[in-house]
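Open the model in your viewer and keep the sequence panel beside it. The tour below goes from one selection to the next and says what is there.

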Amino acid sequence: MANEHERPNTAVILCSCPLAREIASGIMNFLYGHNGVIVDYDQYVDLHLDTPHFFARVEWDLSSFKMNREEIREAFETEIASRFKMEWALYFTQAPVRIAVMVTKETGGLYQIMMHCTSRLWNAEVPVIVSNRTDLRDVVERFGVEFKHLQITKENKAEQEAAILNLYRRNEIDLVVLARYMQIITSTLIDAFRNRIINIHHSMLPAFVGAQPYHQARRRGVKFIGATGHYVTEELDAGPIIEQDTVRISHKDSVDELINEGRSLETLVLCRAIEAHVKRRIIVYGGRTVIF
C-alpha cells in the first residue's frame with residue numbers, strides 16, 4: 001500500500017508571454033514528445049493589456065519522462081520559451097518548500113503554519129523562525145525548530161538584515177512569511193526574495209491606515225472587516241495581492257470581538273496565500289497576480 005503522504009513525482013511550469021498562435025499546442029507537444037503525462041493544465045488570456053498576454057500552469061508526471069531535470073530546463077528554454085519570448089519557472093513537486101517565518105510577539109498564523117507543515121497538508125517545512133523579540137522562543141522551540149533572535153534597532157537594521165539574509169541562504173529558504181512581524185523590511189531582503197515574501201494585512205487594501213485599525217473601523221460603523229495576503233514590495237502594503245476575504249460584523253460587536261474576528265480571518269487568509277505559493281499556482285505580472 002502506498003504511503004498516504006507520498007508525493008507524486010511531478011513537475012510544474014508556470015509561464016507567461018505575449019499572446020501568439022500555437023503557444024498551448026507547443027507546450028503540449030513538447031511534453032508529449034518526451035513521453036510526459038499531463039495531470040493538470042490551466043491557462044488564462046488577458047486581452048485587456050496593451051499587449052495581450054498568455055498565462056499557463058502545466059503539471060506533468062515525471063515517471064516515464066525522457067529527460068532529467070537539467071535537460072528539461074535547457075530543452076524547454078530552447079524549444080519553447082525562447083520561441084515565444086516567455087517568462088517561465090520550473091518546479092519539482094517532490095521537493096518541499098522551505099519556509100522561514102518571521103514573528104514578533106503574537107502567534108498570528110504561526111500555529112497554523114506549523115500545523116500545515118508538520119501534518120504534511122503542505123509539502124513544506126520550516127527550518128528556522130526569526131524574531132526581533134524573545135517572547136515566542138518557548139513556543140517555537142516546542143516545535144523543534146531553530147529560533148533566531150535578531151533584535152532590530154535603527155542603528156543596526158542593515159547589519160541585522162544582512163545576518164538574516166545569510167541565515168536564509170544557509171538554510172536554503174524558498175519562501176519568507178511575515179506572521180505579524182512588526183518591522184518594516186528593506187530591499188536587502190526584498191531584492192533577494194522578490195515575490196517570495198508573503199505578508200498579512202489586517203484589512204482589505206487599501207483601507208484604514210495607521211494605528212488601531214479595528215478601533216477606527218468600529219467608530220466608522222463598518223459592516224465587514226477583511227484581511228489581505230500579499231507579496232512584499234518596497235512600497236508598504238502595496239505588493240501584488242494573493243488572497244483576500246471578509247467577515248460581516250455588527251454594531252453590537254465590541255473592539256475585542258472585532259480584533260478576535262480579524263485575527264481569525266488573517267490566519268485563514270495567510271494560510272490560503274501560502275498554500276497558493278507552495279502549490280506553485282501564482283504568476284506575478286505587472287503588479288498583479290494570476291492564480292490558477
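Select β12 (282-285) and β13 (288-291). These two strands run antiparallel and are joined by 4 bridges. Two strands pair if DSSP finds at least two bridges between them. Show Ile283, which stands opposite Val290 in β13. The hairpin of β12 and β13 has 2 residues between the strands, and in this hairpin Gly286 takes a positive phi near 60 degrees.

This is a predicted model, in which local features need pLDDT of at least 70 and side-chain atom pairs count only at pLDDT 80 or more, while totals for chains, interfaces and linings use all residues. Residues are numbered from 1 along each chain as its sequence is written, and side-chain values use heavy atoms, with hydrogens and water left out.

**The cavity beside the hairpin strands**

Next select Tyr44, Asp46, Phe55, Ile283, Tyr285, Arg288, Thr289 and Val290, the lining of the largest cavity. On a 1 Å grid over the protein atoms alone, a cavity is a set of points where a 1.4 Å probe fits but cannot get out; a pocket is an open set with protein on both sides within 12 Å along at least five of seven lines; lining residues have an atom within 4 Å of a point. The largest cavity holds about 40 Å³ of space, and the count of cavities of 30 Å³ or more comes to 1. A volume is the space filled by probe spheres set on the grid points, which are joined across faces, edges and corners. β13 gives the largest share of this lining, 3 residues. By type the lining has 5 nonpolar, 1 polar and 2 charged residues. Ala, Val, Leu, Ile, Met, Phe, Trp, Tyr, Cys and Pro count as nonpolar, Asp, Glu, Lys and Arg as charged, and the others, Gly among them, as polar.

β2 and β3 (residues 53-61) are joined by 9 bridges, and Val37 has Asp61 in β3 as its bridge partner.

Contact means heavy atoms within 4.5 Å. Axes are lines fitted to C-alpha atoms, for helices over the stretch in contact, and angles run from 0 to 180 degrees between N-to-C directions.

**The second largest pocket**

Select Leu14, Ala89, Tyr91, Asn195 and Ile282, the closest to the centre of the second largest pocket among its 18 lining residues. This pocket has a volume of about 500 Å³. β4 gives the most to the lining, with 4 residues.

**The sheet of 7 strands**

Move on to the open sheet with the order β7-β6-β5-β8-β9-β10-β11 and mixed pairing. β7 (146-149) and β11 (241-248) are at the edges with a single partner strand each, so one side of each is left without a neighbour. The twist averages 20 degrees from one strand to the next. β6 (residues 124-131) and β7 run parallel, joined by 4 bridges; here Ser131 stands opposite His149.

Helix α5 (residues 157-170) packs on this sheet, touching β5, β6, β7 and β8, at about 160 degrees to β6. Helix α8 (residues 255-278) lies across β5, β6, β8, β9, β10 and β11, running at about 150 degrees to β11.

**The largest pocket**

Which residues lie nearest the centre of the largest pocket? Of its 30 lining residues, these are Arg180, Met182, His201, His202 and Asp237. The volume is about 740 Å³. β9, α7 (213-220) and α8 each supply at least two lining residues, and the lining divides into 14 nonpolar, 9 polar and 7 charged.

**Zoom out**

Finally, show the whole protein, with its 8 helices and 13 strands. Its C-alpha atoms fill a box of roughly 60 × 45 × 45 Å along the principal axes.
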